[in-house]
Amino acid sequence: MAGRRDGLMRGYGNQSLRVSRITVAIAIGVLTGLIFAFLYPNGLFRSDPPSNLRRCSSSDLQMISSDCEVDEKVNMLNEDIAALKEKNAELKKQVSKLNEKLQLAERAKDTTVQTRSLASGERPKAGVFGTVKGFRTNPTVVPDESVNPRLAKILEVAAVRKEVIVALANSNVKSMLEVWFTSIKKVGIPNYLVVALEDEIEGYCVSNGVPVYKRDPDEGIDSIGRTGGNHVVSGLKFRILREFLQLGYSVLLSDVDIVYLQNPFDHLYRDSDVESMTDGHNNMTAYGYDDVFDEPAMGWARYAHTMRIWVFNSGFFYIRPTLPSIELLDRVAARLARDPKSWDQAVFNEELFYPSHPGYDGLHAARRSMDFYSFMNSKVLFKTVRKDARLKKLRPVIVHVNYHPDKLPRMQAVVEYYVNGRQDALDSFPDGSE
């Protein structure tokens with residue numbers, strides 16, 4: 001009995017152990033199921049993505065699509081802006097050409113009327129108040145190619161519409177000459193010519209593809225051209241330019257201390273014998289003003305009104321082939337020959353502005369001052385424009401470094417600022433000369 005009881009007890013023990021193991025296994029399975037159910041409420045293996053992920057993905061796709069559309073629209077707008085700018089530039093050119101044609105037509109009309117009137121001896125009848133205008137433009141001379149056949153052939157190629165930029169140069173200004181013609185080429189001005197005063201400059205121009213004219217030997221001019229300084233050489237132009245005018249060409253006379261930023265022929269009026277840049281630096285000094293002189297000893301009449309204007313710059317002016325223009329050149333050249341120490345710019349202005357008076361017959365030439373912000377002297381640039389945020393945005397037609405002796409570095413700085421976009425290029429220079 002005892003052995004049987006022991007056997008039963010062992011059987012019961014083994015059975016109890018199996019039951020407990022099964023129970024533990026079930027408990028582990030249930031617990032594992034609960035954990036997976038908590039972590040993966042939509043199932044461990046599900047083909048459809050969760051709804052929140054679907055929403056996120058849809059939103060992301062919409063944002064990406066929206067960004068792509070914005071970028072595409074921005075690109076299209078940039079292309080439209082670029083196209084409009086190009087069209088605007090082309091329209092400006094067309095307007096400029098039309099204005100030029102209109103001015104030429106008006107000038108031709110005035111000239112024709114004046115010529116007919118002079119030829120017929122008819123006296124004009126005055127119109128109603130506010131409609132009367134005098135003849136503004138003198139007729140041009142008949143071209144005479146016999147004056148200089150070689151120059152005539154050169155100008156047939158170099159000039160455009162009978163107009164040409166002309167500069168005189170010797171080896172003393174070689175470095176400035178390079179900046180000068182490089183700026184002209186950069187702008188794309190085709191009609192310019194260097195009058196070489198010595199063989200070295202002629203060869204230098206030829207090697208750089210610059211149109212050049214070397215005059216026939218003339219010891220009186222050549223000796224000055226080879227060795228003369230800036231002012232002496234400048235005085236030669238009044239003798240040399242005469243042949244250009246006799247051949248029927250309008251000349252834009254240019255010193256070499258000038259940087260070209262636009263084509264000047266697009267900004268001329270062509271209604272006067274002489275159209276010159278000014279040494280003035282504001283509206284008063286450039287275009288004239290009433291300067292009151294005070295003399296207290298005169299009592300009631302102590303104030304005397306005078307008219308003042310700062311001089312035309314003889315280093316940059318447009319001159320038409322008219323009789324008054326040629327007379328001006330002759331007058332200035334004759335005075336400089338009589339008094340070599342005279343300054344050509346002073347003589348140039350005296351002959352242009354002095355009225356007729358006892359013992360002196362004034363020159364009957366029409367004259368015009370150029371816009372001093374477009375045809376800018378270096379005083380305007382360094383004293384005013386570079387310090388004014390609004391004026392700094394202007395792009396002049398030319399900059400003439402006439403007020404400063406350190407010409408070359410200032411010319412190079414002008415190129416850096418206006419052409420290469422270096423905003424601090426002008427900052428290191430003083431207003432005036434040191």
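**Entry 1**

A crossing is left-handed if the near helix is turned anticlockwise from the far one by less than a right angle, and right-handed if clockwise. I wrote that down before looking at anything, and I also noted that this is a predicted model.

With that in hand, I looked up helix 4 and helix 12, and their crossing is left-handed. Helix 4 covers residues 174–187 and helix 12 covers residues 407–418. Their axes sit 10 Å apart, and the packing angle is about 20°. Angles under 35 degrees count as roughly parallel, so helix 4 and helix 12 get that label.

Which residues make the contact? On the helix 4 side I found Ser-175, Met-176, Val-179 and Trp-180. Helix 12 brings Lys-407, Leu-408, Met-411, Gln-412 and Val-415. Sorting the contact of helix 4 with helix 12 by class gave me 6 nonpolar, 2 polar and 1 charged.

**Entry 2: helix 4 again, now with helix 5**

Helix 4 also packs with helix 5, which is residues 199–207. Here I got an angle of about 30° and axes 12 Å apart. Helix 4 and helix 5 are therefore roughly parallel to each other too. Left-handed or right-handed? The crossing of helix 4 and helix 5 is right-handed.

For the contact, I listed Lys-174, Leu-177, Glu-178 and Phe-181 from helix 4. From helix 5 I listed Glu-200, Ile-201, Tyr-204 and Cys-205. The class count for helix 4 with helix 5 is 5 nonpolar, no polar and 3 charged.

**Entry 3: helix 9 and helix 10**

Next I went to helix 9 (residues 323–338) and helix 10 (residues 344–353). Their axes come within 10 Å and cross at roughly 135°. An angle has to be over 145 to count as roughly antiparallel, and 65 to 115 is the roughly perpendicular range, so helix 9 ends up oblique to helix 10. The crossing of helix 9 with helix 10 is right-handed.

By class, that makes 6 nonpolar, no polar and 5 charged residues.

**Entry 4: the largest pocket**

Last, I looked for pockets. The largest one has a volume of about 940 Å³. It is lined by 32 residues, and the closest to its centre are Ser-96, Gln-262, Asn-263, Asp-266 and His-267.

Which element gives the most to the lining? That is helix 2, with 9 residues. Helix 2 spans 51–120, and it supplies at least two residues of the lining, as does strand 10 (367–369).

I sorted the lining by class as well, and it divides into 10 nonpolar, 11 polar and 11 charged.

How values were computed. Residues are numbered from 1 along each chain as its sequence is written. This is a predicted model: local features need pLDDT of at least 70, side-chain atom pairs count only at pLDDT 80 or more; totals for chains, interfaces and linings use all residues. Side-chain values use heavy atoms; hydrogens and water are left out. On a 1 Å grid over the protein atoms alone, a cavity is a set of points where a 1.4 Å probe fits but cannot get out, and a pocket is an open set with protein on both sides within 12 Å along at least five of seven lines; lining residues have an atom within 4 Å of a point. Grid points are joined across faces, edges and corners, and a volume is the space filled by probe spheres set on the points. Helices (H or I, at least four residues) and strands (E, at least two) are DSSP runs, numbered from the N terminus. Ala, Val, Leu, Ile, Met, Phe, Trp, Tyr, Cys and Pro count as nonpolar, Asp, Glu, Lys and Arg as charged, and the others, Gly among them, as polar. Axes are lines fitted to C-alpha atoms, for helices over the stretch in contact, and angles run from 0 to 180 degrees between N-to-C directions. Contact means heavy atoms within 4.5 Å.
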